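Look at the chain below and trace it from one end to the other. Then read on, with the picture beside you.

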Amino acid sequence: MSHSSGIPVSEALAEAFRNAVSNPNSRLIKVQIQDDSLVPIAEDTASGTFEQDLSKIPALLDADTPCYVLFRQDDTAQFIILCYVPSKSSVKHKMLYASSRSNLKNQLGSNSFTDEVFGDGPKDFTPEGYKHHVTSKNVEAPLTDQEQIKKAERESGEIYSGGASTYVHGVTFPVDNAVIDACKKIISGSLSYVCVAIDMTAERIILDGTDNVDLDGLRGKIKVDEPRFHFFRYTHDFEGSQVNSIVYVYSCPDGSRGTKSAPVRMRMLYSSSKANVGSIMTSSGGTIDARLEINTSDEIVEDELMTQLHPVKAEATKNFSRPSRPGKGGARMIKSPK
């Protein structure tokens with residue numbers, strides 16, 4: 001299943017597209033994400049053939065900001081979607097545009113679109129670039145939204161140490177060393193709780209707090225208006241022994257049960273980063289014994305956590321053994337008396 005950002009089509013874009021569909025002279029609409037919605041940035045009419053008007057596209061594209069271009073085909077009311085995500089754009093923008101394309105199509109009407117062209121440079125949207133796309137699209141299927149997000153994560157994930165940051169393999173944003181140090185303290189037992197956040201402006205993983213708390217204290221750390229990542233060292237008794245388990249909690253308020261829904265971009269970035277943030281703990285030498293995804297603190301239930309940490313083992317199936325025949329020697333036939 002593809003991952004959708006939830007960013008909606010604005011009324012201005014919906015109206016512009018309706019007008020374009022009904023106007024045979026309309027050629028294109030440039031679309032960008034602004035203020036958590038898809039909005040029209042520029043429009044143009046046809047001045048030549050489909051291939052000739054494709055030559056206008058490179059001039060519409062920004063060097064570091066993604067966009068979509070809804071491009072009308074000749075002699076029809078159908079369009080293709082040009083999906084431009086430059087390599088210079090931020091990881092946040094790459095993920096947003098990769099995960100918003102399905103909303104754009106579905107809310108404007110998927111039947112209005114016949115093809116999608118992906119590219120990271122102006123040359124991909126020239127007449128020559130489009131011919132190459134048509135030739136190769138039966139050879140390589142286009143990436144799904146989730147695959148594009150994962151590709152962006154892989155491309156931006158690197159290992160680098162120095163200064164106050166470390167790039168951890170698989171993590172799209174730089175990670176403050178304070179986060180790694182805190183994870184190591186969870187492992188050693190000098191801390192029982194670490195809260196990790198994403199700095200939305202600086203695009204980095206930061207330490208949001210540490211503490212020594214029990215399970216009730218963990219519940220008190222769950223925010224009702226913003227997502228967070230939590231590492232918790234859960235010390236408990238099991239079968240007469242004390243056990244220390246590391247629990248990884250991703251909390252994301254969705255607006256229900258007394259919570260306030262976080263902004264769309266924030267929810268999408270946290271959701272896309274949860275697995276990679278978890279890798280900070282494992283790359284620091286720890287083992288995550290249980291994982292929870294919650295909306296509110298009351299979803300942290302001790303019985304359910306214990307079941308995840310210590311699942312009931314099914315008894316091994318015993319093979320039936322046929323009892324030995326009494327006596328020695330081979331089987332004897334006993335005749336019934338006459």
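Over residues 152–171, pLDDT stays under 50; pLDDT is the predictor's confidence in each residue, from 0 to 100. The model still has 41 contacts beyond four places in sequence for residues 152–171, a contact meaning heavy atoms within 4.5 Å. Residues 328–338 also stay under 50 in pLDDT. For them the model has one contact beyond four places in sequence.

This is a predicted model, in which local features need pLDDT of at least 70 and side-chain atom pairs count only at pLDDT 80 or more, while totals for chains, interfaces and linings use all residues. Residues are numbered from 1 along each chain as its sequence is written, and side-chain values use heavy atoms, with hydrogens and water left out.

Now the whole chain. Its mean pLDDT is 83, and 80% of its residues reach 70 or more. The protein chain has eleven helices and 13 strands. These are DSSP runs, numbered from the N terminus: helices are H or I with at least four residues, strands are E with at least two. Of the 338 residues, 44% count as buried, that is, under 20% relative accessible area with a 1.4 Å probe, protein chains only.

Next, find the open sheet of five strands. Its order is E2-E1-E3-E4-E5, and the pairing is mixed. Two strands pair if DSSP finds at least two bridges between them. Strands E2 (37–45) and E5 (113–119) stand at the edges with a single partner strand each, so one side of each has no neighbour in the sheet. On average, neighbouring strands of this sheet are turned by 20 degrees against each other, direction ignored. Axes are lines fitted to C-alpha atoms, for helices over the stretch in contact, and angles run from 0 to 180 degrees between N-to-C directions.

Strand E1 (residues 26–34) runs antiparallel to E2, and eight bridges join them. Helix H6 (residues 127–136) lies across E4 and E5, at about 110 degrees to E5.

Move along to strand E9 (residues 193–199). Six of its seven residues are buried, so E9 is largely enclosed by the rest of the structure. Seven bridges join E9 to strand E10 (residues 204–211), and the two run antiparallel. They form a hairpin with four residues between them. In its turn, glutamate 203 has a positive phi of about 55 degrees. E9 is also joined to strand E11 (residues 228–238), antiparallel, by four bridges. There, tyrosine 193 has phenylalanine 232 as its bridge partner.

Finish at one residue. Is asparagine 295 buried or exposed? It is buried, with a relative accessible area of 6%. Asparagine 295 is found in the loop between strand E13 (290–294) and helix H11 (302–309). Its side chain makes a polar contact with the side chain of serine 256, at 3.1 Å. A polar contact is a pair of N or O atoms within 3.5 Å; within protein, one must be able to donate a hydrogen and the other to accept it, and residues adjacent in sequence count only if both atoms are side-chain atoms. The backbone nitrogen of aspartate 254 lies 2.8 Å from a polar atom of the asparagine 295 side chain.

Note on methods:
Buried < 20%, exposed > 50% of the residue type's maximum accessible area, 1.4 Å probe, protein only.
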